Amino acid sequence: MDLRDKLDLIGTIKNYLPFGMVTVAVIAVIMVVGYFIYRKILKGKKKLSIRKLIWLIIFVCYVLMLGSVTILSRGNSYFGGRYPLFYSYREAWYSFSAQNWRNLILNICMFVPLGFLLPVGIRKMRRFWKTALCGVAVTIVIETLQYLTQRGMFEWDDVLNNTVGAMIGYGLFVIVYAIVMNIRNMRNAFGKTAGQSDSEGQYSSGKNTAISGKYVICCQIPLIAVCVCYTLIFGIYQHQELGNLRSQLPNLFRNDELTVSTDQTYATEEQTVPVYQLVQMNREECEAYAADFFEKIGDQLAADETLHYDNTDVFYGESGNTLWLDYIGLTWTYTDFDTTYAEDVEEADTSDSEDEDVDDMSEDESDTSDSGISNSWIDDSNIGDSDVIGSDTGAIKTVTDADEAAIRAALAQYQITVPEGCTFGNEGEGNYSFTASELHEEDHIYDGTIECKYYSNGKMGGISNGMTQGRYYKDFTIISEQEAYEKIVEGKFHVWMFDEDRYDVKVGDDSLTYEQDSKGFYQPVYTFRISINGSGAEISIPAIK
């Protein structure tokens, strides 16, 4: 997933907060007007207290929000999708992306209001098991609707997370309720000591209203369990030397549905290979890099305009040009709007002055002939193999016939030194690329592609520097090819596939490649070419022993 597409939670809240406030106001007005009609016009006898009305407004808004987030805001583009329990946790562990963990935590938090609001407004729901059961029922209804309308997957992890969220909400309600009841009992006791009547026993023991401390503590077990589990998960991950690989997430095959065969002979010897660590920066280092970047191209970093995402910062130059800089791998994307959109400016200037220029040329044709300029706007002989962007020979234009040396020199202005051994490509229309496929150069490894668009002013209108660079970290012993193949036989591999009854896997040759892990290391993996139910694919088996 592209980093620009990742969810910015704070930004989302800011975008939807005004709409949410308007929705609450509209619902409040509708309910107040409806209650007025019920009481005054229809002569209804049931009274609705202010507290009950406020609760009802909040609860209706919450239900609408819940339905919008889980069903209405999604497209019907989901197919299939019944995932076993803890699948999303396993996926979040092996990818260890902030987005996956955030989604799991948000699924818990999303049902906390339900667990809190139900016992607040409905006395019959002031039992732990009733609130928990209601949480299960509501989330199963939502998951079923998502599945039937193809607006989501039926995930048992969502049922678990939502139910736990409802339990946590009930636990918070119990805390608040216990505090309120204790304060009320203290006031009642104080009233008794002040000489108030106790003839009806309303201040006697408080057993009908007070909640025991043990019950309050027991109701916090779901919250405590969630905190402990997440603390252990993140603690174990931080203690690991290397990160996790997506290829470590195995498909869950039954013993009777997987058949593996091969005609290959695999080596049985173990070996030692290097692991590389990608260049990484923190937020302060990214800002310093961006400031230096803009300064070297004759621009200045615009203050207080930086946007921060999970692993990417967006910097703006004072000219309005942008630099998307990733923390890991030193990859970035730069856009020079003045150069890229010079065509629009030049065309606008041309249309404004075209009539005047034509009249001038008609009145003084002899001067034009003497100067060697024809009645056409562009002298084609001076352009060569370039796509003109402007309206005359002095306009900015894309250069379509530049050689490798020229593109390397132009990229050097933007702090890019292209390693030797990269594959150079001319993609046409001024677009060029350098590609490295796990290119080893001394103690470094380069992987990815640099794409750019070159213009006649010597500048790049845009650069997408997707080439990561890693430094040598240390050597690790890896398993043999045969051991990797045995993992395939055991079903310990990950591959995208349709839901079928049987999987016949024919394993072909393999190669030792590298895969980026969740901590920014390049780990060795065995990449096998396979045929699964007649369809070709590749699978990766982690190689470090």
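Tutor: Let's begin with glutamate 143, which is found in helix H6 (residues 128-149); helices are DSSP runs of H or I with at least four residues, strands are E runs of at least two, and both are numbered from the N terminus. This is a predicted model, where local features need pLDDT of at least 70, side-chain atom pairs count only at pLDDT 80 or more, and totals for chains, interfaces and linings use all residues. Residues are numbered from 1 along each chain as its sequence is written, and side-chain values use heavy atoms, with hydrogens and water left out.

Student: Is glutamate 143 buried or exposed?

Tutor: The general idea: buried means under 20% relative accessible area, exposed means over 50%, and partly exposed is in between (1.4 Å probe, protein chains only). Glutamate 143 has a relative accessible area of 2%, so it counts as buried.

Student: Which residues does glutamate 143 touch?

Tutor: A contact means heavy atoms within 4.5 Å. Leaving out residues up to four places away in sequence, glutamate 143 touches Met153, Phe154, Glu155, Asp158 and Val159.

Student: And how do I read a strand like S7?

Tutor: In a regular strand, side chains alternate between the two faces of the sheet. In S7, Thr322, Trp324 and Asp326 point one way, Leu323 and Leu325 the other, and all are buried. Five of the five residues of S7 (residues 322-326) are buried, so the strand is largely enclosed by the rest of the structure.

Student: Which strands does S7 join?

Tutor: Two strands pair if DSSP finds at least two bridges between them. Strand S6 (residues 312-316) runs antiparallel to S7, with five bridges joining them, and tyrosine 316 stands opposite threonine 322. Strand S8 (residues 332-335) is also antiparallel to S7, through four bridges; here leucine 325 stands opposite tryptophan 332.

Student: What about the turns?

Tutor: S6 and S7 form a hairpin with five residues between them, and glycine 320 in that turn has a positive phi of about 100 degrees. S7 and S8 form a hairpin with five residues between them too, where glycine 329 has a positive phi of about 90 degrees.

Student: Which side chain does the side chain of arginine 283 make a polar contact with?

Tutor: That of histidine 308, at 3.3 Å. A polar contact is a pair of N or O atoms within 3.5 Å; within protein, one must be able to donate a hydrogen and the other to accept it, and residues adjacent in sequence count only if both atoms are side-chain atoms. Arginine 283 lies in helix H10 (residues 283-296) and is partly exposed at 36% relative accessibility.
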